[in-house]
Protein chains: 2
Amino acid sequence: MSSIQLFPVPDLPLIQPGDRLAALIVDGLAHIDEQVQATDIIVIAQKVVSKAEGRIIRLADVEPDEEARRIAAIVDKDPQVVKVILDDSRAVIRTRRGLLVTEQQGGWICANAGVDRSNVPPGANGDDYVTLLPVDADASAEAIRQAFIELIGVAPAIIITDSHGRAWRIGTVGISIGCAGLPPLWDQRGLHDLYGYELMSSEECIVDELAAAASLVMGQSNEGQPVVIVRGYSIPTDAKSAPARTLQRPAAMDAFR
Amino acid sequence: MSSIQLFPVPDLPLIQPGDRLAALIVDGLAHIDEQVQATDIIVIAQKVVSKAEGRIIRLADVEPDEEARRIAAIVDKDPQVVKVILDDSRAVIRTRRGLLVTEQQGGWICANAGVDRSNVPPGANGDDYVTLLPVDADASAEAIRQAFIELIGVAPAIIITDSHGRAWRIGTVGISIGCAGLPPLWDQRGLHDLYGYELMSSEECIVDELAAAASLVMGQSNEGQPVVIVRGYSIPTDAKSAPARTLQRPAAMDAFR
């Protein structure tokens, strides 16, 4: 019986620039007499990866330009935050009051280029900070995986998550912006159903489903549980590992741009 | 520690029109000495709900009209299947070779109006059949919930799932097209983060995340495990239950139509 279990890594400190996440995860799990297993999938919220990598900007240092002020007026957001968003974006996809969807520098199409104010500690002088997405979350995931290999000789799969809205559905869901050690898609085309029909259009995005599942655990603690272990999921062995960026629909294949 | 467990209901028969899903689930769980608990979330693949409700069409009975033939030529699909899709749709959203996105009669925007050929048994005479989405999957979920109350005096939450593609991302993920006994959205707006910032845009679609999580278990068995129990997830108590159709973004709020 394929049973899956999800649990949070307890007792993680507030992450600071330079922190080694793999070591903190190993320490946290030790508090509940757990160890990382080779078949585990470790799901990590983007926010803590960004903080560990120093992807933090002090808003007081940001000078909004003409373009940022113009768009800020349309979307009704802080011009300094809009400037940060635009600086980390390749293209503006949609603007409307309350909504700024861009193609982030790494290729992700999402609200505010993933720039986020929550859970970033204000400086001692009361300054406001925001986080950016990791420069390359696939590389971040691979680096964390390598850190586990060095530290404990075990290579778990790693997924880095963010929360994205959807074009047709209300509410956000966890998705993967970076992964290592597993295939993002499970291509079921060519498999046959119970009656022998070939499945024609079943390319299941397992890293996004794993990210969504882990978000259920993360979300219950008001972002205090940014790392979740998924245990018991059999990673399909018929597909090669690939970066999460391969999930980005090329503009030429994208019917909605 | 908020640990979540997911496991499939074993030994379900192939579902036939008229089958009572609640009773079959109770029987299946008995095979592994399990019972439905009041805090369980029972996630059921749309396909078996559609079959139990008789939402099956024999393609030989379908006469494609001019419009169906025209669109079939554009999307390169069977004109009979396209006719079934159009008959169950309010509007065509996007057409392209290999892609037919419509607004299904129930309001869901998805590929092929959810019409699906896989895992429908061919008739004795070799005829081909397809399934339609349930007429009202929220009502289906509520009826299944009521059946559990009558049968065992326990009212678990119910989610009915389908697999949807996404505008910006490759691959499908499990989402909810019907639910009962839980709120589809967990509105975190008004909550505060670790540093006291009010979370402004955190409306988490928990039924879609639960659907995605359950799909990981369903998918591993080539559609042979259409019902999954989610145990250990604390349904947010600060939100009222609501139908999944409230997740449909009204056209006026939809920046991509």
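**Exercise 1.** In this predicted model, determine in which sense β4(A) and strand β5 of chain A pair, and over how many bridges.

*Solution.* Begin with the two strands themselves: β4(A) and β5, which covers residues 99-104 of chain A, pair in the antiparallel sense, and the pairing extends over 6 bridges. Next, pick out one pair of facing residues, where A:Arg94 stands opposite A:Val101 in β5(A).

**Exercise 2.** Work out the order of the strands in the open sheet of chain A, and explain which strands stand at the edges.

*Solution.* The sheet is built from 3 strands in the order β4-β5-β6, with antiparallel pairing. In chain A, β4 (89-96) and β6 (109-111) each have a single partner strand, so one side of each is left without a neighbour in the sheet, and these two stand at the edges. Neighbouring strands of this sheet are turned against each other by 25 degrees on average, direction ignored. Finally, look for the helix that lies across β4 and β5 of chain A: this is α3 (residues 66-75), which runs at about 35 degrees to β4(A).

**Exercise 3.** Describe how helix α6 of chain A and helix α6 of chain B cross.

*Solution.* Two packed helices are described by the angle between their axes and the distance between the axes. Here the axes of the two helices, each spanning residues 206-219, come within 8 Å and cross at roughly 125 degrees. The crossing is left-handed. The residues of this contact divide into 10 nonpolar, 2 polar and 4 charged, and among them are A:Leu210 and A:Ala213 in α6(A), and B:Leu210 and B:Ala213 in α6(B).

Conventions
Residues are numbered from 1 along each chain as its sequence is written. Chains are lettered from A and ligands numbered from 1 in the order in which they are written. This is a predicted model: local features need pLDDT of at least 70, side-chain atom pairs count only at pLDDT 80 or more; totals for chains, interfaces and linings use all residues. Two strands pair if DSSP finds at least two bridges between them. Helices (H or I, at least four residues) and strands (E, at least two) are DSSP runs, numbered from the N terminus. Axes are lines fitted to C-alpha atoms, for helices over the stretch in contact, and angles run from 0 to 180 degrees between N-to-C directions. Two residues are in contact if their C-beta atoms, placed from the backbone, lie within 7 Å. A crossing is left-handed if the near helix is turned anticlockwise from the far one by less than a right angle, and right-handed if clockwise. Ala, Val, Leu, Ile, Met, Phe, Trp, Tyr, Cys and Pro count as nonpolar, Asp, Glu, Lys and Arg as charged, and the others, Gly among them, as polar.
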